[in-house]
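Trainee: I'm new to reading protein models. Could you walk me through this one?

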Amino acid sequence: MSPLLKIEDLSYIYHTPKGETKTLDHIYLDVYKGDFISIVGPSGCGKSTLLSLISGLLEPSHGHITLDTSLLNSESHNTGYMLQKDHLFEWRTVYRNVLLGLEINNQLTHESLTYIDGLLKQYGLYDFRNYKPSQLSGGMRQRAALIRTLALKPDILLLDEPFSALDYQTRLSAGDEIGTIIKQENKTALLVTHDIADAICHEQKSSFMLSHSIPCLAYLKRSYLT
Ligand SMILES: Nc1ncnc2c1ncn2[C@@H]1O[C@H](COP(=O)(O)OP(=O)(O)OP(=O)(O)O)[C@@H](O)[C@H]1O
């Protein structure tokens, strides 16, 4: 079986007027369909940069990334990106927030709307679809943000510390809920976090430790946790 996502010899350097920051240095990673992989590392080691490269927001300085055997470029990718903040728009209802990606991509079809209704019902947000985001709990907001991301049926979900803005209790329950949704929807996901507890609490197949001994040098070490 070939990997859904393949990262080969990936390096990334930020160029600024003050100089170069070598952020990722010869990274290799294979992600198979259905994997839930956590990437753990301290602040500044390049976790978000890695997700930006996979999502096509940045282009590798060296090496390449293939998704479903095609080379990634900014037009071809179908990745869903979930950030630390849910970025729900307060002036839209929960339903209209969830539809946003479909609207922008001109994909508001009968089929996609039925899919959204099913997700809202299954994950306890259907009765709240006409509420404003501020009327939801932190965990519900994260679920709404996830459904907005799932609406576009991404090949792979990229989760950038999606629980870090939540209080501890909410974080535990939201983490469980989001993990369950991703598993039930049979999605492939990459979670980046600096919190090893976040990484372990999900039933991911394997985790990777992204760490650095000196600033600007990052390396990837595979460590099986299950
Ligand atoms: N736009 C940029 N221009 C220059 N350097 C940058 C830029 N973005 C990030 N960096 C640098 O690249 C390195 C990696 O940053 P990145 O945000 O990927 O780390 P991270 O592991 O996600 O950190 P955190 O957990 O704090 O979000 C850091 O040294 C950072 O200062």
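Mentor: Let's take the features one at a time. This is a predicted model: local features need pLDDT of at least 70, side-chain atom pairs count only at pLDDT 80 or more, and totals for chains, interfaces and linings use all residues. Residues are numbered from 1 along each chain as its sequence is written.

Trainee: What is the mean pLDDT of the protein?

Mentor: pLDDT is the predictor's confidence in each residue, from 0 to 100. Here the mean is 81, and 82% of the residues reach 70 or more. Over residues 211-226 the pLDDT is below 50, yet this stretch has 34 contacts beyond near neighbours in sequence. (A contact means two C-beta atoms, placed from the backbone, within 7 Å.)

Trainee: Is α5 mostly covered or uncovered?

Mentor: Count neighbours: a residue is buried if 20 or more other C-beta atoms lie within 10 Å of its own, exposed if 12 or fewer, and partly exposed in between, with C-beta atoms placed from the backbone. In α5, twelve of the 13 residues are buried, including Met-140, Leu-146 and Ile-147. Among the elements covering them are β6 (79-82), α4 (110-122) and α6 (168-184). Across the protein's 226 residues, 37% are buried.

Trainee: Why does His-26 count as partly exposed?

Mentor: Because His-26 has 13 C-beta neighbours inside 10 Å. His-26 sits in strand β2, and its phi is near 55°, a positive value in a residue other than glycine.

Trainee: How many residues surround the ligand?

Mentor: A residue is near a molecule if its C-beta atom, placed from the backbone, lies within 6 Å of it. The ligand has 13 residues around it, and among the closest are Tyr-14, Ser-43 and Lys-47. Elements giving two or more residues to this shell are β1 (5-16), β2 (19-31) and α1 (47-55). The largest share, three residues, comes from α1.

Notes:
Helix = DSSP H or I, 4+ residues; strand = E, 2+ residues; numbered from the N terminus.
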